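Thanks for coming. I have one structure to go through today, and I will keep it short. Please look at the sequence and the model while I talk.

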Amino acid sequence: DVYKRQSHARVLDNIRRIVGIYHGENYYLRGTFTALNPDFAADVEYLLDQGFDRLSFEPVVTTIPGLALTGQHLPILDQQYRRLTDLYVRRHLGGRPFDYFHFNLDFAASQCEEKLAGGCGAGSQYLAVAADGDIYPCHQFAGGRTHRLGGLESGVTNWPLVEQLSRCHIFSGQDCRGCWARFFCGGGCAANNWSQTGNFTGQWRLGCDLLRQRCEWAIVVRAKIKLGAGEEGDGHDQDKMDE
């Protein structure tokens with residue numbers, strides 16, 4: 001416990017130093033929630049109390065039992081987004097706004113055309129270079145020989161893989177075509193899809209469910225702030241979204 005307290009304080013101190021370099025702008029403090037800590041809204045509140053106001057929390061992507069999220073967690077996470085929504089709206093209308101990455105949806109323009117056409121863009125719009133000079137579609141593929149695209153000396157040589165990745169977009173996935181949130185997603189993360197389905201264009205079902213869940217609450221956030229509803233919720237937020 002002493003070690004944990006010491007490491008926690010050191011991490012917080014280092015984060016403050018990094019954020020200070022950017023003068024409190026152009027950063028996101030990112031957290032991960034798992035089956036062990038699905039109550040991530042409390043973590044958001046804690047970090048706000050520590051003075052950080054640009055935050056993002058992502059679901060863990062793993063198959064490790066005990067850590068992996070499942071469909072059974074969706075109701076819990078939905079409640080967490082409801083709690084986060086209330087906090088976000090209350091602070092925004094109270095003059096103490098904060099930035100939560102997944103609530104920043106552009107409802108007018110959605111994703112840019114390139115994002116829609118190329119999905120996440122791994123291997124087709126950007127690359128990752130490992131410490132040994134090997135080139136991969138993104139950092140999540142680093143170290144896997146199957147997904148090596150080439151090297152700094154040779155350049156990109158695995159063009160068949162580049163071609164596969166270029167087809168990762170909402171028009172290649174059967175499930176994407178009927179999804180109302182597809183233009184906020186672009187087909188999802190190629191690395192997540194691969195790790196969970198073994199296919200770049202295979203849909204990670206839980207990831208899709210979570211994205212739709214986030215989008216629904218982002219819509220509620222926008223509506224409540226626009227209407228100036230504040231804390232005066234009537235408990236029908238979810239019903240309104242379902243309609």
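I'll begin with confidence. This is a predicted model, and the average pLDDT of the protein is 86. A score of at least 70 is reached by 87% of the residues.

One stretch needs a caution. Over residues 230–236, pLDDT stays under 50. For that stretch, the model has six contacts beyond four places in sequence.

Now the overall make-up. The protein has 243 residues, and 41% of them count as buried. Its accessible surface is about 13,900 Å², with 52% of that belonging to carbon and sulfur atoms. As for contacts, take those between residues at least 6 apart in sequence: 63% of them join residues at least 24 apart.

On secondary structure, there are nine helices and seven strands.

In what order do the four strands of the open sheet run? The order is S4-S5-S6-S7, and the pairing is antiparallel. The edges are strand S4, residues 128–129, and strand S7, residues 155–156, each of which pairs on one side only.

Strand S5 covers residues 134–136 and strand S6 covers residues 150–151; two bridges join them in the antiparallel sense. Which residue in S6 is the bridge partner of Asp134? That partner is Gly151.

That is what I have. Questions are welcome.

Note on methods. Residues numbered from 1 in each chain as written. Predicted model: local features only at pLDDT ≥ 70, side-chain atom pairs only at ≥ 80, totals over all residues. Heavy atoms only, no water. Pairing = 2+ DSSP bridges. Buried < 20%, exposed > 50% of the residue type's maximum accessible area, 1.4 Å probe, protein only. Contact = heavy atoms within 4.5 Å. Areas by Shrake-Rupley, 256 points an atom, 1.4 Å probe, with all protein chains shown as cover. pLDDT = per-residue confidence, 0-100.
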